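Dear colleague,

I am handing over a structure that you have not worked with before, and my notes on it follow below. Please read them with the structure open beside you.

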Amino acid sequence: MNVLTMPARPYDDQRPGTSGLRKPVAIFRQPHYLENYLQAIFETVGGGANRTLVIGGDGRFFNREAIQTASRMAAANGYKHLVVGRAGLLSTPAASHLIRKRGASGGLIFSASHNPGGPEGDFGIKYNSANGGPASETLSRAIYARSKRIVAYRLVDEPDIDIDRLGKVSLGETEVEVVDPVSEYAELMETLFDFERLAELLTSTSFKMRFDAMHAITGPYARAILEERLGAPVGTVINGKPLPDFGGAKPDPNLGRSRNLVDFMFGQDAVNFAAASDGDGDRNMILGRKMFVTPSDSLAVLAANAHVVPGYSGGLAGVARSMPTSRALDRVAQELGVPCFETPTGWKFFGNLLDAGRITLCGEESFGAGSDHVREKDGLWAVLFWLTIIAVRGMPVHRIIKDHWDRYGRHFYARHDYEAVDAAAANSLMDALRDQVGDMAGKRLAGSIVSMADDFSYTDPVDRSVAERQGIRVLLEDGSRIVYRLSGTGTGGATLRIYLERYEARAWLHDKDARKVLNDLSFAAGSLAEIPARLGRERPSLVT
Ligand code: VG1
Ligand code: CO
């Protein structure tokens, strides 16, 4: 086997964000930029050492080249076995499952998730560890440190592998197995959900659904599971063909970016249930007829109804949510008598809790929910979970939600994003807030009084690692909350996210328009942070 050692020079900007390294494609196409980061990963985790590595991506532009490069480099770095998704495709949750199932030491997922694709779009690399989950903070920091010292990378001098044909081939001394991206994931879903019951629902004449794959990775998964296995009519899955540029749109399901699906569900021809997923298949958006379910509410509903899903009939060990996610979940946990953990934003913070068996379900306000079946959030899983609740309880989405609010009260919720703002201005805005938190308590704000304000820091209860400066929280005495943080997944300037939450126990007020209910909080959040003056923006570029 001919292993080449190629000279490189270190880059200093390969710091992973909330979810791996994300950069514009143009940056990734710089000489050996991709190779440098991959070599940093391999060296940080101690090389291949006869181990197995899973490789796949969301199908975006540059995916196929990246997979060839990664395979050659993995072979040269000593991996014995590579498991590659056919055509280079693997959704994030499917990759997580494969890592666990094959006992791999880790996996590479080429994705920039909900960021746009194409030559002008973004590309990304996530490294997941042997538990199937995103690299921990500690590992991510080590990879970054290593990336700044790379002076050479290794690859085998072999032709491209055929990633479009299932089966085993060799690459130098490494065995490469090209697998169907869907089948093992679908089998896993079958162990958690009652497929017969779901098929009954999806083939009944009184139930119709729509799933929007946004020309991203979930197309093949949704077609295979919803249409082929569960018998939903062909055409249930729309935009099902993965395209390298996602058809020119941002594969980011939310109220602002999924306008077509939202309008459809609020219009004349609305069906009973609709859902969408993002670029790499780990997010989910849930819609009922004339109803948008906030991801925070969705998570609480999943927890409250978990007993109807075969995979969770034994109960939940505990639950967790990211800090900005609404506290609807906390109320359910309290009633179930199980612990509820509050973690920083990003799935990597759930890993230890899941591995230690301290939680079964977890999620984020950013359209992510998941469980201990894998170590990533899982879009289609959430859809099957919702379908099960609908089938077992025999209720439409809006009844399930109203019933939930009746029982627990409603957490009105919205996220306001100021995207692609000047990074220095955004940082100084956060600094100014940080300076204020110490003496905010007791001050009047939005018709109430600040009960507590801080910059969130988290100590992992399992390994005691600490994550600081994870977002400014302002809690009010009436149960409302404002949270500020900067995005760690963007690639241009900075994105400020403001999360607004207001609790309402009284059932007769639950049908109010969230926008109106949150209006004074939104105004207070804007003036507290001096948004127009600091960012030069009057209003957010995205509200969801
Ligand atoms: C965003 C979300 C966060 C999510 C992350 C990755 O991060 O807020 O909840 O875990 O994206 O999701 P940020 O730092 O931009 O707020 V995905 O679907 O990109 O893997
Ligand atoms: Co994603």
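An open sheet of 5 strands runs in the order β11-β10-β12-β13-β14, with mixed pairing; strands here are DSSP runs of E of at least two residues, helices are runs of H or I of at least four, both numbered from the N terminus, and two strands pair if DSSP finds at least two bridges between them. At the edges, each pairing on one side only, are β11 (237-238) and β14 (291-293). Strand β13 (residues 285-288) pairs with β14 in the antiparallel sense over 3 bridges, and G288 stands opposite M291 in β14. Helix α14 (residues 397-408) packs on this sheet, touching β12 (273-276), β13 and β14, where contact means heavy atoms within 4.5 Å.

This is a predicted model, in which local features need pLDDT of at least 70 and side-chain atom pairs count only at pLDDT 80 or more, while totals for chains, interfaces and linings use all residues. Residues are numbered from 1 along each chain as its sequence is written, chains are lettered from A and ligands numbered from 1 in the order in which they are written, and side-chain values use heavy atoms, with hydrogens and water left out.

Elsewhere, strand β8 (residues 167-171) and strand β9 (residues 174-179) pair in the antiparallel sense over 5 bridges. They form a hairpin with 2 residues between them, and G172 in the turn has a positive phi of about 60°.

T325 is placed in the loop between β15 (319-322) and α11 (328-336), and it counts as buried because its relative accessibility is 0% (buried means under 20% relative accessible area, exposed over 50%, and partly exposed in between, with a 1.4 Å probe and protein chains only). Leaving aside residues up to four places away in sequence, T325 touches several residues, including S296, Y413 and R481. A polar atom of the T325 side chain lies 2.8 Å from the backbone nitrogen of E365.

There are 14 aromatic pairs in the structure, meaning rings of Phe, Tyr and Trp (its six-membered ring) with centres within 6.5 Å, where planes under 30 degrees apart count as stacked, over 60 as edge-to-face and the rest as tilted. The rings of F28 and Y33 have centres 5.4 Å apart and planes at 80°, so this pair is edge-to-face. W381 and F385 also form an edge-to-face pair, 5.2 Å centre to centre with 80° between the planes, and both lie in helix α13 (residues 379-393), 4 residues apart.

Technical notes. Axes are lines fitted to C-alpha atoms, for helices over the stretch in contact, and angles run from 0 to 180 degrees between N-to-C directions. A polar contact is a pair of N or O atoms within 3.5 Å; within protein, one must be able to donate a hydrogen and the other to accept it, and residues adjacent in sequence count only if both atoms are side-chain atoms.
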